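User: Please take a close look at the sheet in this model. How is it put together, and what lies against it?

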Amino acid sequence: MYADGVTGSGRAMPVGLSAALDRLCPGRVRRSVSLAGISRWKVGGPADLLVEPQSAEEISGVLRLCRSAGVPLLVVGDTSNLLFADEGFRGVMMQIGRRMAAVSITGTTVTAQAGVWMPYLAATVGRAGLSGIEHTAGIPGTLGGLVMMNGGSQRRGIGEHVSRVWTIDERGEAAILGQADCRFAYRRSAMQDRFVVITAAELVLERGDARSIRRTIIDIMASRRRKFPLKLPNCGSVFLSDPAMYATVGPPGHAIEQAGLKGLRAGQAQISPVHANFIVNLGGATARDILTLIGIARSTVFDRTGFWLNCEVRHVGPDGTLRPAHEVAATDRAEQTS
Ligand SMILES: Cc1cc2nc3c(=O)[nH]c(=O)nc-3n(C[C@H](O)[C@H](O)[C@H](O)COP(=O)(O)OP(=O)(O)OC[C@H]3O[C@@H](n4cnc5c(N)ncnc54)[C@H](O)[C@@H]3O)c2cc1C
């Protein structure tokens, strides 16, 4: 179907793919997009193509086109949990964001498209007197990303309130998953185990008082502003909290701080002096800089405590392979020392 062509990455891409995507999503396809320019961590080389669908039908169409062209496809929300490789991404990045962000509320049931911004969703349902997701008000990502990661704060996960999830698989086929199908666990969901695009989710919330929900949200936001280094590009908590380690050593940030690593720099990346479980980009950091700090934090904490820290942040390889970032950091260290 496609002949040879070259994108800004210099690699052959099927000619016609970009034009076919343009026909499907007019005005919403960009070529050779700098990931350092658009990602939350401000890190990463170019992505060949970026497309922003605005309906489930368009998503199915994009999936079918990429599948028949044999081109890697990566789904992202706001990239707030992703570390892109310095080499960039050779494929099609599909961003589910503000163009798919409709919300409807019926009684205590909220149905929202995957691209809705979590702080907006938490505030909107709060104003409608619905309680349960206040803990997500300070999480700078989309509903789709949050459901995929079962993210949350204050030891909670969005999965507690998810009743249904609308998905599309790599063949472009739609399915609706119930809560049990999603197998939510701490920062885990069944959707991480196979390729699916989340297009929408249904949440069942509790009735509450809009004013007290608003106060709770304001308190949560103020506490996050005090605790987290929000002024420099970052990806939130880099390492997951392990219950066994938490009970004896404390949370990852505490363990890293105790190891004397707060403020440590590699190139333009730094273990935040404000919160040691954050790695901030001081300006022009590379993925390699960040992986170096991840590797040092892991091995130093292991030497002191006997616990390996594992990453919440996911690394995106040039072919779109998603892996917890510590796995890539460990490989890099092994390569450097061999
Ligand atoms: C300052 C800061 C604070 C943070 N605080 C928290 C916190 O308190 N708690 C917490 O849990 N996280 C936190 N995070 C991490 C991050 O915001 C969450 O993991 C968030 O839910 C990711 O959403 P996203 O839209 O940015 O997803 P992305 O980072 O774009 O993607 C994350 C994963 O989900 C997949 N994905 C995204 N959208 C879809 C979709 N529609 N369909 C299928 N797959 C999809 C991606 O492929 C990727 O694997 C924080 C991040 C930052 C920068």
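Analyst: Two strands pair if DSSP finds at least two bridges between them. Strands are DSSP runs of E with at least two residues, helices are runs of H or I with at least four, and both are numbered from the N terminus. This is a predicted model, in which local features need pLDDT of at least 70, side-chain atom pairs count only at pLDDT 80 or more, and totals for chains, interfaces and linings use all residues. Residues are numbered from 1 along each chain as its sequence is written, and side-chain values use heavy atoms, with hydrogens and water left out.

The sheet is open and has four strands in the order 3-4-7-5, with mixed pairing. Strand 3 (29-34) and strand 5 (73-76) are its edges, each pairing on one side only. On average, neighbouring strands are turned by 30° against each other, direction ignored; axes are lines fitted to C-alpha atoms, for helices over the stretch in contact, and angles run from 0 to 180 degrees between N-to-C directions.

Strand 4 (residues 46-51) runs antiparallel to strand 3, joined by five bridges; Arg31 has Leu49 of strand 4 as its bridge partner. Strand 4 also runs parallel to strand 7 (residues 89-95), through four bridges, and here Leu50 is partnered with Met93. Five of the six residues of strand 4 are buried (under 20% relative accessible area; exposed is over 50%, partly exposed in between; 1.4 Å probe, protein chains only).
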